[in-house]
Amino acid sequence: MLCRRFMSTLSKRQQFNQIQPSQKLYDKLERLGFGSLPPTKRYAWKNKKNKTAPTTITTSNNHKYSLYEPKDPEYKFPLLSFFAGAKTPASFPPEDLEEVAVVGRSNVGKSSLLNTLAGTTIVRVSDKPGLTQQLNFFSAGKLFYMVDMPGYGFALVDEEEREQWRQLMEDYISKRKTLKRVYMVIDARHGLKVADIDFLRMLDSKKVKFQIVMTKSDIPILPQLARRIITVQDGLKGFRNAIQDVLVVSSKTGAGINQMKKEMLFLMGQLKSKDPPK
Ligand SMILES: Nc1nc2c(ncn2[C@@H]2O[C@H](COP(=O)(O)OP(=O)(O)OP(=O)(O)O)[C@@H](O)[C@H]2O)c(=O)[nH]1
Ligand SMILES: [Mg+2]
């Protein structure tokens, strides 16, 4: 444990680099498909402390046996279809099915995440920020709705328009009785930004349950990703409506997506248990 006085003399970046993620966290990331640490001396410390059971054992004739419990199947997502677009609360569709909404800063990867979860390309994505400019309601196999939101903090629209979007999102979050959970998508390279914290405060004040999804997790190297998860989880401590478990995904490689599908399908009552079939 590093002493507090030493930590206070370090810059934010140095403090971040001092965080030593546990073996358990690295094991979890490996299971999600983010790869594993190289077995170099640099990471030798991690084998001393917090050592969890090995994931495989190798016999003398070089056979590898997995020590894992049954693996999750590939979860199938219901067919996604565009259902309604809303620029004002008057055009929100009727509250006839439960729904989840995806929010986050502009260009963070919200629309791409919906596409990857559903294995489709129907949600429009772009490398230019500000593409999604209304609340887009998608029907997931007529079982539940998924709502793609405009990004907040988008600098290229004028102040008045930005305020209109913010008000629209706040109206939606306050009024929507069928809203089951908000997924806040953040960039794994940057963690929680001021605009995210402001939005989380608003969600907390409206008593709406939310969960953080760290996307673009294919970009940082593994130790940085693990450290980022720890700082994000720390940042959630003061929020009453936060789901403490952070989802870690990449829409590019698909890592972590099956886990998110499982959790979402379970939440929406489409899966009886989160345990893999025996
Ligand atoms: N490397 C990587 N790039 C990603 C990932 N997810 C999205 N992107 C890229 O990020 C850019 C923005 O993606 P969108 O899904 O349109 O982002 P958005 O949050 O919906 O953007 P707005 O609607 O403008 O707020 C695109 O160029 C995507 O290809 C990811 O997991 N990894
Ligand atoms: Mg979008």
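**The nonpolar core and its surroundings**

A: The largest nonpolar core holds 53 residues, and those with the most contacts inside it are Val 102, Met 184, Val 213 and Met 214. Strand 7 contributes the most to this core, with six residues. Such a core is a set of buried Ala, Val, Leu, Ile, Met, Phe, Trp, Tyr and Cys residues joined through C-beta atoms within 7 Å; a residue is buried if 20 or more other C-beta atoms lie within 10 Å of its own, exposed if 12 or fewer, and partly exposed in between, with C-beta atoms placed from the backbone.

This is a predicted model, in which local features need pLDDT of at least 70 and side-chain atom pairs count only at pLDDT 80 or more, while totals for chains, interfaces and linings use all residues. Residues are numbered from 1 along each chain as its sequence is written, and chains are lettered from A and ligands numbered from 1 in the order in which they are written.

The protein has nine helices and nine strands, which are DSSP runs numbered from the N terminus (H or I of at least four residues for helices, E of at least two for strands). Seven of the strands form an open sheet of mixed pairing, in the order 3-5-6-4-7-8-9. Strand 3 (80-86) and strand 9 (247-248) stand at its edges with a single partner strand each, so one side of each has no neighbour in the sheet. Two strands are taken to pair if DSSP finds at least two bridges between them.

Val 102 belongs to strand 4 (residues 99-104), where six of six residues are buried. From this strand, Glu 99, Ala 101 and Val 103 point one way, whereas Val 100, Val 102 and Gly 104 point the other way. Strand 4 runs parallel to strand 6 (residues 144-148), to which four bridges join it, with Ala 101 opposite Val 147. Strand 4 also pairs in the parallel sense with strand 7 (residues 179-187), over six bridges, and there the bridge partner of Val 102 is Tyr 183.

Strand 8 (residues 210-215) pairs in the parallel sense with strand 9 over two bridges, and Val 213 has Leu 247 as its bridge partner in strand 9. Leaving aside neighbours within four places in sequence, Met 214 is in contact (C-beta atoms, placed from the backbone, within 7 Å) with Ile 186, Ala 188, Arg 228, Ile 229, Val 232, Val 246, Leu 247, Val 248 and Val 249.

Turning to helix 5 (residues 110-118), one finds eight of its nine residues buried, among them Lys 110, Leu 113 and Thr 116. Just after this helix, Gly 119 takes a positive phi of about 60 degrees. Helix 5 also gives the most to the shell around ligand 1, with three residues. That shell has 23 residues, of which Gly 109, Ser 111, Ser 112, Thr 132 and Gly 151 come nearest; a residue is near a molecule or strand if its C-beta atom, placed from the backbone, lies within 6 Å of it.

Finally, Gly 254 lies in the loop between strand 9 and helix 9 (257-267). Gly 254 is 138 residues from Thr 116 in sequence, and their C-alpha atoms are 7.2 Å apart in space. With 13 other C-beta atoms within 10 Å, Gly 254 is partly exposed.

Notes. Contact = placed C-beta atoms within 7 Å.
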